[in-house]
Amino acid sequence: MIAFNVTQQTSLETIRENYVVTSSSPEFTTPAVIKREVVSVGCILSVGSILIIFTNLLVVIALVLLIRKRGCQNWCFVLNLSIADILVGVAITGIATDALRGTTASMEKGICLLRMTCIIAPSAASVLTMFLISLDRYVAIKLPLRYSQLMNNKMIAGALVPVWLIAVTMGFSPCILEPLQKEDYHNVCTFFSVIEPKSIIVILCLFFFPLLSVFIYIYMDILKIAWGHQKRIRALLAGSRFLTSSRYWGHVKALRTVAMLVGCFTLCWCPFFVVSIVQ
């Protein structure tokens, strides 16, 4: 009987060591299953980072050649967007490498915060650059005669420098501000193990919603301008089917560009913020 009790207790301890309860229901997940899931996430991140880096490298090369050949300075915003996305792809390669090994990186809190900074800063720069591109198209439609004079090298540099200053400030804010840091850090480096989840709500209110609101306002205003211009064309041309206006088609192209930016911005970031708030 004593031998049976010892064996039974040993078996229960072995089960507790090899199985992890994942919910209140009696469901268990083995370490092998957890490792398999982590490796799967690592494969997705690896493929994503490779695609992000190489596709944006091709875009950078094409844009540099285009700017040198035609001198289209407004393409510098798209070039900056590609560079920011390349930095995002490079930053997540470390996480992807750890996930492929089936483990989560174990490191000190300061180093983990620095790793997350390298992800947050270029991501913020990418989002702000998308906003600059939509704002550039809006100015081109709103002030078509002054646009070529406004968009010179000084104006472009004056727009890109604050973007990176704001992005770097946002990236390093978890390293500087202790309320944004997780108090009970256990040397397991993940986003929400080192950064306070409640800070996502602050970022949502101060960063995401204002930018999304401005995106929608710009899109609606361009739509209003294009609709009014179309009505004037119909009145002037008196039903002619062959005469068109280049300015109207410029509005249509701007609408497509801004619509694509608003759609990508919403689809890419809404799931992250919604899941973060729910968690």
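Reply: C112 and C189 are both buried, where buried means under 20% relative accessible area, exposed means over 50%, and partly exposed is in between, using a 1.4 Å probe and protein chains only. Keep in mind that this is a predicted model, so local features need pLDDT of at least 70 and side-chain atom pairs count only at pLDDT 80 or more, while totals for chains, interfaces and linings use all residues. Residues are numbered from 1 along each chain as its sequence is written, and side-chain values use heavy atoms, with hydrogens and water left out.

A disulfide joins C112 to C189, with the sulfurs 2.0 Å apart; the test is a pair of cysteine sulfur atoms within 2.5 Å. By that rule, the count is one disulfide. Its angle about the S-S bond is 90°, and the link of C112 and C189 is right-handed. The two ends come from distant parts of the chain, 77 residues apart: C112 is in helix α5, and C189 is in the loop between α7 and α8. Helices here are DSSP runs of H or I with at least four residues, strands are runs of E with at least two, and both are numbered from the N terminus.

Now for two other cysteines. The sulfur of C118 has its closest cysteine sulfur in C175, 8.7 Å away, which is too far for a bond. C118 is partly exposed at 44% relative accessibility, and C43 is also partly exposed, at 38%.

In the loop between α7 and α8 (191–194), you'll also find N187. Phi of N187 is near 65°, positive although the residue isn't glycine. Most residues other than glycine have a negative phi. With a relative accessible area of 41%, N187 is partly exposed.

Back to α5, the helix that holds C112. Of its 34 residues, 26 are buried, so α5 is largely enclosed by the rest of the structure. At 1.5 Å a residue, α5 should span 50 Å, and its end C-alpha atoms are 48 Å apart, which agrees; the expected span is 1.5 Å times one less than the number of residues.

S134 is also in α5, and it is buried at 0% relative accessibility. A polar atom of its side chain lies 2.7 Å from the backbone oxygen of F131. Leaving aside neighbours within four places in sequence, S134 is in contact with F215, I218, V258 and L261, a contact being heavy atoms within 4.5 Å.

Not counting residues up to four places away in sequence, F265 touches V127, M130, F208, L211, L212, F215 and C270.

Conventions:
A polar contact is a pair of N or O atoms within 3.5 Å; within protein, one must be able to donate a hydrogen and the other to accept it, and residues adjacent in sequence count only if both atoms are side-chain atoms.
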